[in-house]
There are 2 protein chains.
Amino acid sequence: MAVDNRKADATEESLHRIFTVPEAPDSTLGRIEKEISENLNAFLQTHIAATEKPLVDIEKDFSSADIPETPSFVSDHTHFLLDKLVAQSVHTSAPSFIGHMTSALPYFLMPLSKIMIGLNQNLVKIETSKAFTPLERQVLGMLHNLIYHESDDFYQQWMHSANHSLGAFCSGGTIANITALWVARNHALRPDGEFRGVAQEGLFKAMKHYGYDDLAVLVSERGHYSLKKAADVLGIGRDSLIAVKTDDHNRIDLQALEQTLAELKAKNIKPFAIVGVAGTTETGNIDPLDQLADIAQAHDCHFHIDAAWGGATLMSHKYRPLLKGIERADSVTIDAHKQLYVPMGAGMVIFKNPALMTAIEHHAEYILRKGSKDLGSHTLEGSRSGMAMLLFASMNIISRPGYEMLINNSIDKAKHFAALIKAHPDFELISEPELCLLTYRYVPADTQRALTLATAEEKESLLNALNDLTKFIQKRQRESGKSFVSRTRLNPVKWDRKITTVFRVVLANPLTTETILEDVLSEQRALAKLSSISLPTIQSLTDTILKREQISLS
Amino acid sequence: MAVDNRKADATEESLHRIFTVPEAPDSTLGRIEKEISENLNAFLQTHIAATEKPLVDIEKDFSSADIPETPSFVSDHTHFLLDKLVAQSVHTSAPSFIGHMTSALPYFLMPLSKIMIGLNQNLVKIETSKAFTPLERQVLGMLHNLIYHESDDFYQQWMHSANHSLGAFCSGGTIANITALWVARNHALRPDGEFRGVAQEGLFKAMKHYGYDDLAVLVSERGHYSLKKAADVLGIGRDSLIAVKTDDHNRIDLQALEQTLAELKAKNIKPFAIVGVAGTTETGNIDPLDQLADIAQAHDCHFHIDAAWGGATLMSHKYRPLLKGIERADSVTIDAHKQLYVPMGAGMVIFKNPALMTAIEHHAEYILRKGSKDLGSHTLEGSRSGMAMLLFASMNIISRPGYEMLINNSIDKAKHFAALIKAHPDFELISEPELCLLTYRYVPADTQRALTLATAEEKESLLNALNDLTKFIQKRQRESGKSFVSRTRLNPVKWDRKITTVFRVVLANPLTTETILEDVLSEQRALAKLSSISLPTIQSLTDTILKREQISLS
């Protein structure tokens with residue numbers, strides 16, 4: 001792509017502006033923003049929580065189960081909300097909130113979201129949404145285009161077709177994943193001769209008709225927990241969501257996958273879907289999608305990709321190749337409320353083939369009549385808000401190159417932070433950033449050396465104490481309210497696949513600076529010193545090991 | 001309850017105000033509202049659609065599947081949205097929009113919703129929601145209290161209990177109904193000896209373990225279509241959602257239910273849930289809940305009530321008795337975005353027993369750890385917005401007596417409209433309002449008489465033509481954009497259970513006046529005259545019948 005530098009500069013500037021201050025204060029948007037800012041003062045503080053208050057104390061403000069018998073004035077209740085709720089909420093858009101996938105929002109979404117709330121459209125049907133329906137269909141088309149790059153003719157033919165759907169807008173990635181596997185299940189156990197399909201006759205009869213002993217869905221052990229929920233809801237059973245082990249880089253082990261598929265076949269178990277992960281929730285790694293597509297094809301499996309986090313990377317020409325193969329997926333989950341920077345509640349599942357969603361089509365007498373363009377005939381949810389509007393606006397206002405900049409900055413920042421961690425003697429990087437996620441932990445330099453010299457027993461004690469220490473630091477840092485990283489547990493190859501507690505960092509906020517990242521590490525080192533159990537244990541063990549080594553060397 | 005008249009008056013006044021003009025223009029709230037109003041001018045017009053434009057024309061404005069390569073100015077894009085989207089959206093809060101359950105919103109929700117959008121909390125876990133979690137738990141407690149009236153001790157013990165949940169806040173009634181039946185299914189096919197339960201092992205093994213030939217969920221033929229979707233998703237199969245016939249008043253026929261249950265038992269089919277409807281979507285009728293509770297108990301079925309629409313009636317001391325027996329339900333669905341007047345996307349399912357939701361409990365490594373108070377461990381959805389805040393605010397600002405007034409006004413208005421229809425010679429009331437819904441159709445007085453004299457063949461022709469005419473009028477009225485009623489198809493006993501197309505009216509907007517209702521009828525009469533096929537057919541048949549009668553009488 002030829003880059004117009006002038007344009008790119010303008011975008012960079014406007015990008016920065018939308019994340020910092022609203023437009024000129026005398027514009028309509030500016031005035032609106034000013035009013036709201038006055039009310040949400042706590043929201044604009046630099047601390048993540050204004051004052052750290054234990055949850056049990058907060059619960060006291062929300063302890064009555066009685067619906068009030070007397071009305072409150074709006075102003076009084078607003079003060080209550082500002083004092084008791086806003087002040088005790090989590091400032092998810094703070095530049096030092098780098099622990100979860102809840103993103104900061106561009107300021108222009110505040111007034112625009114008022115259009116969404118004020119119009120209160122219901123996207124289940126055209127009669128309560130009118131122009132919002134073509135808009136949502138267009139948004140689904142744009143995302144389909146982002147993934148599959150079909151021809152203009154394709155979109156002209158299918159985007160607004162009454163009996164087809166390029167996907168479903170939904171409340172989030174979980175509903176998107178459930179929808180994808182629902183379609184896959186219904187397609188695998190479709191009508192066949194006398195049998196009218198699993199949708200109509202249910203799973204028990206479907207299994208007897210097709211003669212399988214069980215079903216299976218395969219995904220790497222890094223797959224999102226929503227897939228287990230999907231397996232439960234869909235009647236497949238959590239056991240049938242088979243977690244395939246990952247390699248050193250948290251990517252699905254293809255050999256293990258092939259072996260599992262062979263074992264299932266031998267047991268007369270039908271694997272009807274393979275799920276690739278494009279941006280694991282914990283480490284941000286991407287499965288080898290192209291090879292997964294080959295395997296799914298060879299085994300006649302629906303190929304779904306959970307790109308709830310990583311899908312937005314397709315906006316970046318630079319990093320798009322990381323997701324090579326995604327264009328071969330039968331379905332893809334993308335969350336717009338993650339790296340597309342719209343408010344919570346904007347998930348999507350996109351289907352390659354516009355006819356695939358007929359597997360879950362439904363109708364009713366008073367709406368969703370056959371031939372209508374009502375979106376509700378292909379969604380798991382019923383009534384839905386006009387949230388697609390905010391994604392539509394964001395894609396127009398930020399544009400593809402704007403998103404590319406956001407994505408590239410995030411990944412580059414993660415790489416910088418990884419370098420910082422690796423250069424620091426007291427920290428250990430656990431997972432390298434492929435997207436803008438990484439994991440690491442605090443391990444004093446001496447202890448790092450001691451670990452290479454420890455006996456098996458000493459090593460286990462040290463690793464356990466390190467897990468406790470990581471947990472201690474993470475909790476204390478969260479409580480201090482200056483910055484927030486999350487924690488999870490991994491099983492890194494380097495540590496013999498032993499359960500390892502780690503700090504987890506997500507660097508999607510464009511306002512997060514390198515100084516903030518340095519401060520996060522400094523604070524963690526300082527907090528470690530406050531540990532009265534884990535750190536002394538670690539230090540004493542470290543001393544023992546290093547002294548023994550010194551003696552044996554002398 | 002002792003009524004304080006002074007207070008009640010104040011509420012009535014403030015109630016009217018919140019639906020008409022915002023607070024004094026110099027207040028913060030007033031200034032914010034002013035700005036938004038200027039932008040949303042189209043939204044404030046009296047017409048439902050500013051100009052009626054065919055959908056195919058609107059689609060032209062939303063026809064490109066390309067994500068823009070150049071950014072737009074916020075102001076320019078806002079103008080696009082106002083011209084092409086807002087102007088072509090449906091004014092769901094217009095007083096003459098009486099066709100669907102999409103409600104008008106109190107004005108105070110506009111600025112308050114900004115807090116929700118701006119803070120962008122994620123209710124899946126405390127780390128991204130903090131005080132919003134106790135708030136949502138309190139809201140669930142308040143709704144539980146509204147339904148079940150448990151003791152204060154009960155709520156102190158369970159409302160904030162980490163390992164329990166009084167329900168789930170979700171995007172809408174569909175997810176609520178699916179969640180209820182998911183819990184019911186998992187409870188019916190629970191772990192038993194060696195068998196680890198349907199959640200773990202799946203439906204096929206569960207059925208073999210329990211030895212049933214099939215499962216069933218029973219609901220009246222007026223049950224919402226989401227239940228069929230639930231049966232599909234949950235692997236039970238749409239066939240297994242058994243529609244029991246209704247009586248003259250669209251309420252489940254208890255004898256038919258008992259008979260169906262006996263038949264299922266004889267066939268070794270396990271009915272694991274009975275669903276009562278408290279406010280059918282099409283007619284607003286309420287099943288005999290107390291008797292349904294008896295039957296569910298006798299047959300060891302989970303008793304779920306779909307009160308998505310009617311649940312809010314519990315706020316009214318006057319009409320609460322209509323739902324007698326709801327306090328015996330195992331679970332209840334209520335949509336706050338319907339008669340609790342909050343924006344789209346606020347459904348709830350409430351469980352009587354705080355332990356019941358453990359049937360669907362799930363955990364993950366990085367969040368929802370065991371013992372945490374994260375709400376996400378008991379929800380079908382994952383990431384969710386802080387929508388509960390708006391319901392919390394509404395219950396405080398409007399208060400229980402305020403809601404009672406809204407509910408009572410709506411029902412009384414429906415009764416008034418029913419009287420108007422019955423008094424009018426050219427209209428026929430099809431379903432009497434029990435809540436604020438009713439159905440009717442246009443049948444010229446002569447034709448009403450002719451129908452009593454017609455042969456079977458003539459009657460059928462007349463009824464078919466009347467169906468066409470109703471459809472014609474409803475479409476024309478929608479297109480004219482002045483007012484909107486919806487249409488559906490019923491099978492009234494009066495018309496030998498023949499499919500009958502009817503106008504469907506939902507009177508939940510407090511600003512709908514009696515004059516508007518009279519105008520709706522006038523417009524429908526006028527529109528009928530424009531029918532060039534149905535009405536002439538009806539008139540000529542009517543003439544033939546009445547002439548024959550005249551001859552036979554003379």
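## Interface between chain A and chain B

About 13,800 Å² is buried between chain B and chain A, and carbon and sulfur atoms give 60% of that area. The model is predicted. The contact draws on 158 residues from chain B and 159 residues from chain A.

Chain B can be laid on chain A by a turn of 180° with a shift of 0.0 Å along the axis, and the RMSD is then 0.0 Å. This is the relation of a two-fold axis. Of the interface residues of chain B, 100% are also interface residues in chain A, so the copies meet through the same surface.

The side of chain B that touches chain A divides by class as follows.

| Class on the chain B side | Number of residues |
|---|---|
| Nonpolar | 70 residues |
| Polar | 49 residues |

Over all chains, the whole structure holds 23 aromatic pairs. Among them is the pair of A:Phe204 and B:Phe204, which is tilted, with 6.0 Å centre to centre and 50° between the planes. A:Phe204 lies in helix 10 (residues 203-210) of chain A and B:Phe204 in helix 10 (residues 203-210) of chain B, so this pair joins two chains.

Technical notes: Residues numbered from 1 in each chain as written. Chains lettered and ligands numbered in written order. Predicted model: local features only at pLDDT ≥ 70, side-chain atom pairs only at ≥ 80, totals over all residues. Heavy atoms only, no water. Least-squares fit on C-alpha atoms with pLDDT ≥ 70 in both. Contact = heavy atoms within 4.5 Å. Buried area = accessible area lost by both parts, 1.4 Å probe. Nonpolar A, V, L, I, M, F, W, Y, C, P; charged D, E, K, R; others polar. Phe/Tyr/Trp six-rings, centres within 6.5 Å; stacked < 30°, edge-to-face > 60°. Helix = DSSP H or I, 4+ residues; strand = E, 2+ residues; numbered from the N terminus.
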